[in-house]
Amino acid sequence: MGIDKILITSIISLLALPILPAYGASSAKDSFLVPYSAVYSTVWKKGITVKVKGTQTLTRQADGNWHFSFTADNLFASLNEQSTFAVDQYQIVPSHYRYESSAFGKKRKAELRFDWSKMSVRNDVKNKPWSMSIKPKTVDKLSVQLQIREDLKQGKTTLNYLIADGGYTKNWRFKRLQTETIDTTLGRLEAIKVTRINDAKSNKQTSFWFAPSHDFLLVKLTHKEKDGDSYTLDIESLKTDPNS
């Protein structure tokens, strides 16, 4: 799901690191999330209100790697975001990230390719490729949502992530709050509330709700900009495929 539309980050310095061995694909002992397809109702309020349905899908490929995507479109805007990754000891290890969007006549496109043998990422934005160094456990802007889910599933309370984005490594920090009961189309659900910790100068607010009863699925999201623009997301339907 277009997390870059809802999360505001601060840029941190890049640090060159020694070359480390490449990460492997998922092993049998890794307990990752169940493959699924979910439909969300989203509302963007930016001068005018735009309503659109988005589909989020997680599948496991024949080679053992994973593919995660979010797509949404209507007459005014469209979004297609995809991430391919492996899982190593509950940690997402991305290999390829792709983003395409069009909103009110403005188009954006970006592509990242991860080379873990060289600890680098090749960025291709506006047909201008370049490479940057990354640290271990760096993820992309889409797969970070799954990493949060997996970390909650593993009982972690520290939710800090390095994100490769736009030629920089960015630090996204989240805080796990209380469990709340929320109404959804799937019924009344107990959901863990997680909020994004922004810098002191930011008045922007982003909150997520993850449901343990549904493999810690994201069931609700709210985001508000300091100028009043907002973005909300609510689960509409869910189909799981545990045999995949």
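Tutor: Gladly! Rings of Phe, Tyr and Trp (its six-membered ring) pair if their centres lie within 6.5 Å. In this predicted model, ring pairs link Tyr161, Phe174, Phe208 and Phe210 into a cluster.

Student: Why is the pair of Phe174 and Phe208 called edge-to-face?

Tutor: Planes over 60 degrees apart count as edge-to-face. The planes of Phe174 and Phe208 stand at 65°, with the ring centres 5.9 Å apart, so the pair is edge-to-face. Phe174 belongs to strand β12 (residues 168-184) and Phe208 to strand β14 (residues 205-211), 34 residues apart, and their pair links distant parts of the chain.

Student: What makes Phe174 count as buried?

Tutor: Buried means under 20% relative accessible area. Phe174 has 4% relative accessibility, so Phe174 counts as buried. Phe208, at 2%, counts as buried too.

Student: How do you know that the charged end of Arg196 sits over the ring of Phe174?

Tutor: One condition is that CZ of Arg is within 6 Å of the ring centre. The charged end of Arg196 is 5.9 Å from the centre of the Phe174 ring and sits over that ring.

Student: What does the pair of Phe32 and Trp66 tie together?

Tutor: Phe32 lies in the loop between β1 (10-12) and β2 (36-46), while Trp66 lies in strand β4 (residues 66-73), so the pair ties together parts that are 34 residues apart in sequence. Both Phe32 and Trp66 are buried.

Key: Residues are numbered from 1 along each chain as its sequence is written. This is a predicted model: local features need pLDDT of at least 70, side-chain atom pairs count only at pLDDT 80 or more; totals for chains, interfaces and linings use all residues. Side-chain values use heavy atoms; hydrogens and water are left out. Helices (H or I, at least four residues) and strands (E, at least two) are DSSP runs, numbered from the N terminus. Buried means under 20% relative accessible area, exposed over 50%, partly exposed in between (1.4 Å probe, protein chains only). Rings of Phe, Tyr and Trp (its six-membered ring) pair if their centres lie within 6.5 Å; planes under 30 degrees apart count as stacked, over 60 as edge-to-face and the rest as tilted. A charge sits over a ring if NZ of Lys or CZ of Arg is within 6 Å of the ring centre and within 35 degrees of the ring normal.
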